[in-house]
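Here is a brief report on one protein chain. Please keep the sequence and the model in view while reading.

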Amino acid sequence: MIEVNKCDCLILPSIYEGQGMVIMEAQVLGLPIIGTNVAGINSIINENNGLLVEQNVEHITKGMLKYIEEGIVKEKFDYEKYNNEIIEKFTYEILEN
């Protein structure tokens, strides 16, 4: 089991990803994130909070080198705001429709 809080950077080289909860965990911890440009990851990661790379060894390697040499943009993840937005959306979609 990987302990995300002990990582310097999260790399998620998935072929397919669902909700990507580990990405949100890494965001809460303030980690830089490299993820493959697939559904589930690209719905969370953008140019303001991580690095999307194509799903192949060459691009994942380039992303890792970019992190080492330049760093990766990361923004503070406001999980309380995110939770409130999700609760509001759930309430609207499920209870008010």
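Helices (H or I, at least four residues) and strands (E, at least two) are DSSP runs, numbered from the N terminus. The model is predicted, so local features need pLDDT of at least 70, side-chain atom pairs count only at pLDDT 80 or more, and totals for chains, interfaces and linings use all residues. Residues are numbered from 1 along each chain as its sequence is written, and side-chain values use heavy atoms, with hydrogens and water left out.

**Overall build**

The protein has 3 helices and 3 strands. Along the sequence they follow the pattern β-α-β-β-α-α. The C-alpha trace spans about 50 × 30 × 25 Å along its principal axes.

Of the 97 residues of the protein, 31% count as buried. The protein exposes about 6900 Å². Carbon and sulfur atoms supply 55% of that area. Accessible areas come from the Shrake-Rupley method with a 1.4 Å probe; for residues, only the protein chains shown count as cover.

A contact means heavy atoms within 4.5 Å. Take the contacts in the protein with a separation of 6 or more: residues 24 or more positions apart account for 43% of them.

Now the charges. Lys and Arg count as positive, Asp and Glu as negative; His and the chain ends are not counted. Each charge is placed at NZ of Lys, CZ of Arg, CG of Asp or CD of Glu. The protein has 7 positive and 16 negative charges, and their mean positions are 5 Å apart.

**The loop between α2 and α3**

E75 sits in the loop between α2 (57–70) and α3 (79–95). E75 is partly exposed, at 45% relative accessibility. Which residues does E75 contact, leaving aside its neighbours within four places in sequence? They are N48 and N49. E75 and G30 are 45 residues apart in sequence, yet their C-alpha atoms are 7.7 Å apart in space.

G71 also lies in the loop between α2 and α3. G71 is partly exposed, with a relative accessible area of 27%.

Q27 belongs to helix α1 (residues 21–29). Q27 is buried, with a relative accessible area of 8%. Not counting residues up to four places away in sequence, Q27 touches I33, I44, I45, N49 and F77.

N5 is in the segment before β1 (10–12). Is N5 buried or exposed? N5 is exposed, with a relative accessible area of 53%.

| Pair | Apart in sequence | C-alpha to C-alpha |
|---|---|---|
| E75 and G30 | 45 residues | 7.7 Å |
| G71 and L51 | 20 residues | 10.0 Å |
| N5 and A26 | 21 residues | 7.6 Å |

**Aromatic rings**

Rings of Phe, Tyr and Trp (its six-membered ring) pair if their centres lie within 6.5 Å; planes under 30 degrees apart count as stacked, over 60 as edge-to-face and the rest as tilted. By this rule the protein has 1 aromatic pair. F77 and Y82 form that pair, which is tilted, with 5.7 Å centre to centre and 50° between the planes. F77 is buried, with a relative accessible area of 16%. Y82 is partly exposed, at 26%.

**Cysteines**

A disulfide is a covalent bond between the sulfur atoms of two cysteines. Here a disulfide is counted when a pair of cysteine sulfur atoms lies within 2.5 Å. How many disulfides does this rule give? The count is 0. C7 is in no disulfide, and the nearest cysteine sulfur, that of C9, is 8.5 Å away. C9 is likewise in no disulfide, with the sulfur of C7 as its nearest at 8.5 Å. C7 is partly exposed, with a relative accessible area of 25%. C9 counts as buried, at 14% relative accessibility.

Conventions: Buried means under 20% relative accessible area, exposed over 50%, partly exposed in between (1.4 Å probe, protein chains only).
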